[in-house]
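User: Could you walk me through how to read a few features here? I'd like the general idea, then the case itself.

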Amino acid sequence: MLLQISIVFVVSFMCCIAFSWTYPIYILDEARNAEAAREMFVNRNFVTPFFNNTLRTDKPVVHYYFMTIAYHLFGVNAFAARFFSAFFGALTFAATFYFSQKFTSIRVAVISCTVLLSSLFFIQEFHLSVPDPYLIFFTSFGLFSLYSLYITNNRKWFFLAYFSFGFGILSKGPIAIILPLLSVACYLLYSKQLSLKSISKLKPIAGFLLVVTVAVPWFYLVHVATEGQFTNGFFLDHNLNRFNTGKEGHGGLFLLTWVFVLVGLLPFSFFLIPAYRHFFKSKDRTSIVAFSAIIGVVTIVFFSVASTKLPNYTMPCYPFLVLVIAVYFDMVFRKIETYKKAIARGLLLLLIISCLLPVGGYVALYLEEGVTQYRWYSLLLLVLPIGCILCLYQFKNKRFKNSFFYLAISWVVMGFFLFGIIYPKLAKETPTEKVKAVLGSSPQFVAFQRFDSAFPFNFEATFNVVFTIEELELFLDNNPNYYVLTNTGDRSLLFQLNQKYQLQLKQKALFENHTTRVYKK
């Protein structure tokens with residue numbers, strides 16, 4: 001078992017870390033998290049997170065700590081910022097394999113990890129310097145451990161479960177305990193086991209104390225250090241308001257969350273509905289499959305109700321959704337004639353989607369300013385319809401397991417194309433890379449009003465920010481060698497800047513609606 005888990009860990013780590021050093025950090029969330037960790041690393045302040053010397057209340061501290069460790073080991077760079085995201089991704093795969101094998105079979109465990117490895121958007125999450133990879137691991141591992149505690153009453157699962165939930169809270173907040181509590185309550189209700197005796201098997205009071213012991217000390221320290229500013233900003237704005245209002249424009253209809261899950265688990269999400277249909281027909285109410293199915297439903301419904309909707313929010317339930325899919329496929333492989341038509345319909349629909357993706361990629365690159373010349377790289381997406389065609393060919397010739405793995409491998413290969421070829425090419429057109437090409441790696445900037453969040457991390461510096469033309473003129477009088485950095489969209493201010501200073505560079509951010517401009521007095 002140890003050898004098998006080690007192989008799963010190594011293979012998944014290679015997929016999660018692949019080419020993460022070949023393209024810079026430029027996405028807003030990545031940039032702000034990586035920079036906050038850099039400032040923590042430089043300033044040796046391991047209590048209060050800052051971005052550009054301003055208090056950052058968006059997220060707790062666990063991912064910052066791991067990034068500072070990586071900065072110490074590998075230096076301040078994109079690879080270091082993303083290293084432990086990949087590491088916790090590999091831990092998630094190893095945990096999924098272990099618990100799937102423990103409570104079902106080795107074949108279901110292999111199918112589960114194969115489905116996860118081929119889920120390109122899930123793999124991409126572990127290529128990002130954000131807190132979600134940590135939350136995904138701690139939440140899923142904690143839930144698996146809690147189920148093990150319920151079944152075996154082994155004390156080690158008690159400690160592993162509640163320690164995980166505590167660190168989950170330190171990764172992204174109270175959602176790391178809210179979702180498990182809702183999921184377990186619904187599972188006990190669904191399985192007709194909701195009683196004081198069943199609840200006592202989970203040792204909730206002792207578990208709550210353990211969670212508090214892990215999570216509360218840092219929240220107390222940062223509350224004191226910031227005189228309550230972090231507490232108000234994090235719990236009220238970034239948690240309560242995110243649930244009640246569509247924060248930062250990330251709202252949407254109830255069904256949007258379901259769409260995110262279907263896209264996030266491609267290509268095997270097309271079999272999620274028949275997998276759930278099979279589960280409900282089986283009238284299974286107590287197994288790990290029932291536990292996983294309930295977790296998936298609770299998570300999706302919770303974020304469907306929440307006002308803020310983002311693709312990564314439901315990812316902690318993906319290990320459980322793929323377990324439901326894996327049990328379904330395990331049954332299909334044994335009774336293929338019964339389900340042959342249903343599988344064929346799913347594969348044909350997937351073929352249509354796979355054929356549309358290269359076209360969509362071409363159009364997106366053609367329309368995006370600055371990267372039109374890379375539109376032909378969308379041809380690399382042809383690996384998806386080719387893989388689907390090979391899958392259908394194997395399926396037609398009754399080589400069903402081969403067809404499953406052809407489909408999975410094509411999406412894994414697409415991941416390597418994306419991270420190893422497409423992203424590095426597109427990243428050359430980001431504002432930070434263009435500025436480096438023109439001004440070198442160490443220009444001095446003063447920011448005017450607002451700026452692209454990727455600049456502090458990529459230039460390993462924090463910037464003074466001024467908000468009026470008068471303040472800017474005064475600053476440049478005292479610091480004539482500084483460049484002006486801005487991505488303001490205010491036309492009247494841009495007119496004044498163009499009148500007073502020389503425009504050195506103008507570059508639109510990739511797939512975003514702001515443009516960076518650099519001026520010199």
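Analyst: Lysine 520 lies over the face of tyrosine 483, 5.5 Å from the ring centre. A charge counts as over a ring if NZ of Lys or CZ of Arg is within 6 Å of the ring centre and within 35 degrees of the ring normal. Likewise, the charged end of arginine 32 sits over the ring of phenylalanine 51, at 5.7 Å from its centre. Keep in mind that this is a predicted model, where local features need pLDDT of at least 70, side-chain atom pairs count only at pLDDT 80 or more, and totals for chains, interfaces and linings use all residues. Residues are numbered from 1 along each chain as its sequence is written, and side-chain values use heavy atoms, leaving out hydrogens and water.

User: How many aromatic pairs does the structure hold?

Analyst: A pair of aromatic rings is described by the distance of the centres and the angle of the planes. The structure holds 75 aromatic pairs, with Phe, Tyr and Trp (its six-membered ring) pairing if ring centres lie within 6.5 Å; planes under 30 degrees apart are stacked, over 60 edge-to-face, the rest tilted. One of them joins phenylalanine 291 and phenylalanine 320, edge-to-face at 6.4 Å centre to centre and 80° between the planes. Both phenylalanine 291 and phenylalanine 320 are buried.

Conventions:
Buried means under 20% relative accessible area, exposed over 50%, partly exposed in between (1.4 Å probe, protein chains only).
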